[in-house]
Amino acid sequence: MQPFTTVTGAAAPLLRPNIDTDVIIRVERLVGTTRESMGAHAFEVWRLRPDGTEDPAFVLNRPAFRGAPILLAGPNFGCGSSREGAVWALAGMGVRAVIAPSYSDIFRNNALQNGLLPVVLEEAAVRAIAAEVEAAPGSARVTVDLEREIVIAPDGTAHRFAIDPARREALLHGLDDIGLTLRQAAAIVAWQGADRAARPWVWRAEAPGRT
């Protein structure tokens, strides 16, 4: 998982409430599509016209916001079905952080497990940042600093956010739950050895020639 420290760039304003995972990635794209190629299908129900051409009015098709690493969203982002592919699709199109007033719990957990940072700010703050980037598309830049737990708006205003310390540590080092567990590999092996010596009857005997 790619570590997350600080990301600076364009922030695409998509402030609709209740953007669900079926809009982020259609369910049929979860079959026969690799994780790495899901970004091409992100938001296709809004991004593409019925004839398959891009809708220039959709914010992520606009030159100023194409490939933006930050997405500004409305409340309850990522609601709907619990598909991890929604996070893969966002990451595949270059999104590293989403800033919204609230998230679906399952989406938030999927995001944190895949190196995408879900930042929670008050709705008024999200709208204020969106107004700034809309006023200067192509030049306004937003910074999401996980180390200091702040979002810096284009005008320099710092908005503080909070994240669970364990989640913050994992993101800073690019570790999912398995990676965090493996950091304790030496302690795990030591415990296994001690327990095997103390209670050999609970350990399955290894087949001859195996270790």
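1. Among the elements around the largest cavity, helix H4 (residues 105-113) gives the most to the lining, with three residues; helices here are DSSP runs of H or I with at least four residues, numbered from the N terminus. The model is predicted, so local features need pLDDT of at least 70 and side-chain atom pairs count only at pLDDT 80 or more, while totals for chains, interfaces and linings use all residues. Residues are numbered from 1 along each chain as its sequence is written, and side-chain values use heavy atoms, with hydrogens and water left out.

2. The largest cavity holds about 40 Å³ of space, and its lining includes Thr21, Arg83, Phe107 and Asn110. A cavity is a set of points on a 1 Å grid over the protein atoms alone where a 1.4 Å probe fits but cannot get out, and lining residues have an atom within 4 Å of a point; a volume is the space filled by probe spheres set on the points, which are joined across faces, edges and corners.

3. H3 (residues 85-92) and H4 pack at an angle of about 50°, with their axes 9 Å apart, the axes being lines fitted to C-alpha atoms over the stretch in contact and angles running from 0 to 180 degrees between N-to-C directions. That makes H3 oblique to H4, since angles under 35 degrees count as roughly parallel, over 145 as roughly antiparallel, 65 to 115 as roughly perpendicular and the rest as oblique.

4. In the contact between these helices (heavy atoms within 4.5 Å), Ala86, Val87 and Leu90 in H3 meet Phe107, Asn110 and Ala111 in H4.

How values were computed:
Helices (H or I, at least four residues) and strands (E, at least two) are DSSP runs, numbered from the N terminus. On a 1 Å grid over the protein atoms alone, a cavity is a set of points where a 1.4 Å probe fits but cannot get out, and a pocket is an open set with protein on both sides within 12 Å along at least five of seven lines; lining residues have an atom within 4 Å of a point.
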